[in-house]
Amino acid sequence: MGSDGTALVLGGGGLTGVAWEIGLLHGLTEHGVDLTDAALVVGTSAGSSVAAQILSGKPLESLFEAQVADSSGEVAARLSAGALIRYVVAGLWPGNPARGRAWLGRQALRARTVPEAERRAVIARRIGEAGWPATRLLITAVEASSGRERVFSSADRVPLVDAVAASCAVPLVWPPVTIDGVRYIDGGIRSVANVDLAAGSRRVVVLAPATQSVRRSGHPARQLAALGPDVRGAVVSPDVAARAAIGRNPLDPARRRPAAEAGRAQAAHEAHRIRDLWP
């Protein structure tokens, strides 16, 4: 927890999730609410990329402009029906949830994807090589072979690019990422937002682009409530217009611009309730 007890939790949601979160954050600043001054930032998958970018010192306006720029140079990806079924099976695994994650992780280790170095280069272009920020930043990942969660911070002395790449390593789509000899997959496999990592904070705002298919027990709103009765917080997810803009494939770069613009527009409706709880 930081000195002022504020936490910004950025959940996963693919390329469109990155765009929507940056659009929303930019729109909120236009309405006088700056969430980037949080004492603690938690980033999961797409949220880890957003966290690294907003804490890099670059203005939100320039980050937003990058999201609405031409996306023709980016490679589109899609989760196949088979991959989605494997995600469901892993999430419903009886007993220890880590066993289900490990089952999915082992399949990710065998999957044919682009080379790991190529994927790392994409992440490096996206977030830059500035390194860990002064703000306390937690980035989530999952050990592919064991299913155990891992939380990276500046104390681990792991390059920020590697931590973000690990958190964004969507199983069966992108390659697991190697850090100190351990292979990691997407931190969203453990939780779409990992709100529990904000424990100890007094004011928490959660941006959660992907909640439609989340079971009730793992929903960010339920995790936020579990932080305790003294915590003031809010969960913001895409509204109807934003969901339409995002579309069905969160990994489609063609939906990046409409997702960012929808996030910016949604900020006008969210600013008043966020302003009420953010110091």
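**Reading helix packing and salt bridges**

Visitor: At what angle do helix H6 and helix H7 pack, and how far apart are their axes?

Guide: Two packed helices are described by the angle between their axes and by the distance between those axes. In this predicted model, helix H6 (residues 116-127) packs with helix H7 (residues 160-167) at an angle of about 115 degrees, and their axes are 9 Å apart. H6 is therefore roughly perpendicular to H7, since angles of 65 to 115 degrees count as roughly perpendicular. The crossing in which H6 passes H7 is right-handed.

Visitor: Which residues of H6 and H7 make the contact?

Guide: H6 contributes Arg120, Ile123, Ala124 and Ile127, while H7 contributes Leu160, Val161, Asp162, Val164 and Ala165. Sorted by class, the contact of H6 with H7 has seven nonpolar and two charged residues, and no polar ones.

Visitor: Are Arg120 and Asp162 buried or partly exposed?

Guide: Residues under 20% relative accessible area count as buried, and those over 50% as exposed. Arg120, at 29% relative accessibility, is therefore partly exposed. Asp162, at 14%, counts as buried.

Visitor: How many salt bridges does a search of the whole structure find?

Guide: The search finds 11 salt bridges. One of them joins Glu270 to Arg273, with the closest N and O atoms 2.8 Å apart. Glu270 and Arg273 are separated by about one helical turn, because they lie three residues apart in helix H10 (residues 256-277). Glu270 counts as buried, at 12% relative accessibility, whereas Arg273 is partly exposed, at 31%.

Visitor: Which residues are linked in a network of salt bridges?

Guide: Arg101, Glu149, Arg190 and Asp196 form such a network. Within this group, the side chains of Arg190 and Asp196 meet in a salt bridge at 3.0 Å, N to O. Arg190 is partly exposed, with 28% relative accessibility, and Asp196 is partly exposed as well, with a relative accessible area of 33%.

Visitor: Where does Thr135 lie, and which residues does Thr135 touch?

Guide: Thr135 lies in the loop between H6 and strand S3 (136-143). At 23% relative accessibility, Thr135 counts as partly exposed. Leaving aside residues up to four places away in sequence, Thr135 touches Ala38, Ala39, Val41 and Leu55.

Visitor: How far apart are Thr135 and Asp37 in sequence and in space?

Guide: Thr135 and Asp37 are 98 residues apart in sequence, and their C-alpha atoms are 8.4 Å apart in space.

Definitions and conventions: Residues are numbered from 1 along each chain as its sequence is written. This is a predicted model: local features need pLDDT of at least 70, side-chain atom pairs count only at pLDDT 80 or more; totals for chains, interfaces and linings use all residues. Side-chain values use heavy atoms; hydrogens and water are left out. Axes are lines fitted to C-alpha atoms, for helices over the stretch in contact, and angles run from 0 to 180 degrees between N-to-C directions. Helices (H or I, at least four residues) and strands (E, at least two) are DSSP runs, numbered from the N terminus. Angles under 35 degrees count as roughly parallel, over 145 as roughly antiparallel, 65 to 115 as roughly perpendicular and the rest as oblique. A crossing is left-handed if the near helix is turned anticlockwise from the far one by less than a right angle, and right-handed if clockwise. Contact means heavy atoms within 4.5 Å. Ala, Val, Leu, Ile, Met, Phe, Trp, Tyr, Cys and Pro count as nonpolar, Asp, Glu, Lys and Arg as charged, and the others, Gly among them, as polar. A salt bridge is a side-chain nitrogen of Lys or Arg within 4 Å of a carboxyl oxygen of Asp or Glu. Buried means under 20% relative accessible area, exposed over 50%, partly exposed in between (1.4 Å probe, protein chains only).
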